[in-house]
Amino acid sequence: MFSSDTAVWIVFPVILPLVAGLLCFLFKRGTFGIALAAAIGNFFVVSFLIYQMLVYGPMRCYIGGWHPPLGISLRSDGPALLMLLMTAATGLAITLYARGYFLFRISDPLRAQRHKRQQHYFWPLWMLLLTGLNGLFLSADIFNLYVTLELIAISAAPLAALSGKPASLRASYRYLLISLIGSLTYLLGVVFLYRSCGVLDLALLQNLAGNRLAITTALVLLTVGLMLKTALVPLHFWLPPAHANALAPVSVILSALVVKASFYLLFRFWFEIFAPIISLSSLNFMGTLGALAIFWGAIQAMRQQRLKLMVAYSTVSQLGYLFVAFPLSMFVDGGQAWSIVVFIALTHACAKSAMFMVAGNVYLHLGHDRIKSLKGVRSSQPITVFAYGIAGVSLMGLPPSGAFIAKWMLLSTSFASLQYWWAVVIAGGSLLAMIYVFRVMSNFFVIPEGESSKKNVSLSPLLEWPPLILALISLFLGLISPWVLKIVLYKDSGLFAQIFQGGLP
Amino acid sequence: MITTMLYSLTGLILFGMGFYTLIIHSHPLRKILAVNVMATGVFLILVATAYIPVGQGDIDPVPHAMVLTGIVVSVSVTALALIFACKVQENSNLDLLRKRNHRKSMKERGL
């Protein structure tokens with residue numbers, strides 16, 4: 001098994017969900033079994049890949065034996081594998097939660113047929129989306145990345161429309177168009193890059209990017225396209241309606257995983273390929289947008305009347321932290337920049353999926369999610385409310401959550417480099433997060449007066465435990481940070497050594 | 001060289017025109033066509049890129065492969081967007097109809 005062609009294992013995170021998705025399309029029954037098998041298999045393969053990387057170092061797989069610049073290759077390194085692990089772990093929880101969600105909806109005889117149909121389409125689309133995500137994290141070829149971006153858009157938009165309500169249809173139609181603009185802008189950037197460098201492979205591009213007009217244009221186009229997909233603040237308008245109107249498991253997928261994929265790509269471009277031509281002012285520009293996102297998202301989250309919209313705006317706010325890391329990243333040594341971003345992404349993925357699952361549970365339990373009338377949920381759903389609290393702690397960035405580690409690194413970097421304003425932004429964002437999390441929390445704990453006759457729907461363990469486990473993972477991520485840091489530091493080569501040789505002071 | 005530049009510029013103009021239409025017009029079919037025009041612009045630049053090594057008389061095959069893949073993606077995305085547009089249209093019409101009927105029944109009842 002450990003012969004020279006062990007790199008073949010990299011292919012499995014792409015193939016497993018793809019096959020599962022196609023099988024789910026073919027069969028009418030047992031689709032959950034297929035999806036669950038693929039999710040579990042994916043998790044084990046990713047764990048094995050991490051083990052393999054720790055033993056043998058980063059790997060590359062040349063598909064079909066064609067080497068770049070002609071062939072397409074997949075590669076595994078620290079950040080890519082951690083993003084894969086994030087997708088695999090949350091993906092497994094989402095698969096279980098979605099099963100519980102659909103069983104609950106189908107058990108209601110009134111609309112059983114409609115929910116059966118929704119479930120029938122959910123599994124194949126979710127598996128194809130997983131294929132796209134895994135492909136994106138593993139790809140080492142900028143055109144292949146375009147294809148995976150389109151795959152993600154093609155499967156994410158129908159997923160968002162699954163509930164069939166006019167509002168969600170309109171939101172997801174807009175989401176599809178926005179992702180199309182994003183990927184076409186990205187493609188135009190790829191064309192510019194190919195024109196001036198003549199290669200598509202990420203590793204080969206690293207040595208070629210010089211300070212030329214065409215390359216700067218390519219950088220701008222790629223950045224705008226990916227920012228649109230990541231929903232950074234001036235371009236975030238599509239996210240809250242699309243995420244809040246979708247079915248609960250779909251909101252989890254969109255908010256926890258899909259936006260991270262385009263961000264991961266953006267970070268790779270900025271700090272690996274284009275590192276030599278990036279100036280301090282452009283980094284500060286991204287950081288400023290991130291700061292705007294933190295405040296704008298948090299203020300909007302505080303103003304929302306519905307729990308799901310609140311959680312969606314909180315995503316806008318939390319994405320801002322990922323961009324505030326941009327200007328600070330150049331003051332830390334290479335691996336640490338990745339570790340900050342990866343920590344924020346991991347914590348946010350787990351905590352935000354827990355929160356959306358909680359919002360889904362509350363909706364199933366009460367039949368609505370108006371924040372003002374959440375009274376008495378604590379007494380009837382203790383596990384769900386506990387999960388919400390833990391996830392809220394992680395979002396605020398209190399110790400020992402993973403976000404705390406990331407924010408700690410950001411704060412210490414901003415003090416060490418005498419850029420105090422970023423520290424103010426980071427601390428202020430945490431305070432605002434506290435306000436919007438507690439605003440809901442306090443409503444959970446209100447004991448309704450007199451009438452306790454609310455029909456007590458008990459939720460299955462499939463609905464209650466995945467959010468709690470994800471929330472606990474996000475909380476204790478800080479305790480296992482040394483291992484995570486160790487994995488992040490496995491890079492293809494001394495990529496970050498190049499950063500400081502180039503245009504950066 | 002001039003021919004390549006000409007094609008590339010045309011591609012860029014097409015991309016810009018598509019983008020402009022996508023932002024300005026609200027009709028769903030126009031928006032979908034605009035996305036297609038944008039995609040065509042990008043493909044035109046790509047095809048023009050293949051002509052770069054003019055002197056040796058050979059043509060770079062990689063952009064052609066990219067354009068072919070891009071066309072496949074573009075066709076499937078257009079199909080999906082069309083279905084979406086139809087669904088949205090149906091649903092919004094349904095909404096309007098319901099509202100109108102509601103109003104009519106209110107009027108009939110003298111409210």
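The largest share of the lining of the second largest pocket, 5 residues, comes from helix α13(A). Here a pocket is an open set of points on a 1 Å grid over the protein atoms alone, with protein on both sides within 12 Å along at least five of seven lines, and lining residues have an atom within 4 Å of a point. Helices are DSSP runs of H or I with at least four residues, numbered from the N terminus. This is a predicted model, in which local features need pLDDT of at least 70 and side-chain atom pairs count only at pLDDT 80 or more, while totals for chains, interfaces and linings use all residues. Residues are numbered from 1 along each chain as its sequence is written, chains are lettered from A and ligands numbered from 1 in the order in which they are written, and side-chain values use heavy atoms, leaving out hydrogens and water.

Let's stay with this second largest pocket. About 700 Å³ of space lies in it, a volume being the space filled by probe spheres set on grid points that are joined across faces, edges and corners. Of its 28 lining residues, Y101(A), R105(A), H115(A), Y363(A) and L364(A) lie nearest the centre. By class, the lining has 11 nonpolar, 8 polar and 9 charged residues. Ala, Val, Leu, Ile, Met, Phe, Trp, Tyr, Cys and Pro count as nonpolar, Asp, Glu, Lys and Arg as charged, and the others, Gly among them, as polar.

Now look for the largest pocket, with a volume of about 830 Å³. It is lined by 25 residues, and those nearest its centre are A161(A), L162(A), G164(A), L169(A) and K87(B). Two or more lining residues come from each of α4 (112-138), α5 and α6 of chain A and from α3 (62-108) of chain B. The lining divides into 15 nonpolar, 5 polar and 5 charged residues.

A cavity is a set of points where a 1.4 Å probe fits but cannot get out, and a search of the whole structure finds 4 cavities of 30 Å³ or more. The largest cavity has a volume of about 120 Å³. Among its 13 lining residues, I152(A), Y175(A), S179(A), K229(A) and V258(A) are the closest to its centre. Helix α10(A) gives the most to this lining, with 4 residues. The lining of the largest cavity holds 10 nonpolar, 2 polar and 1 charged residues.
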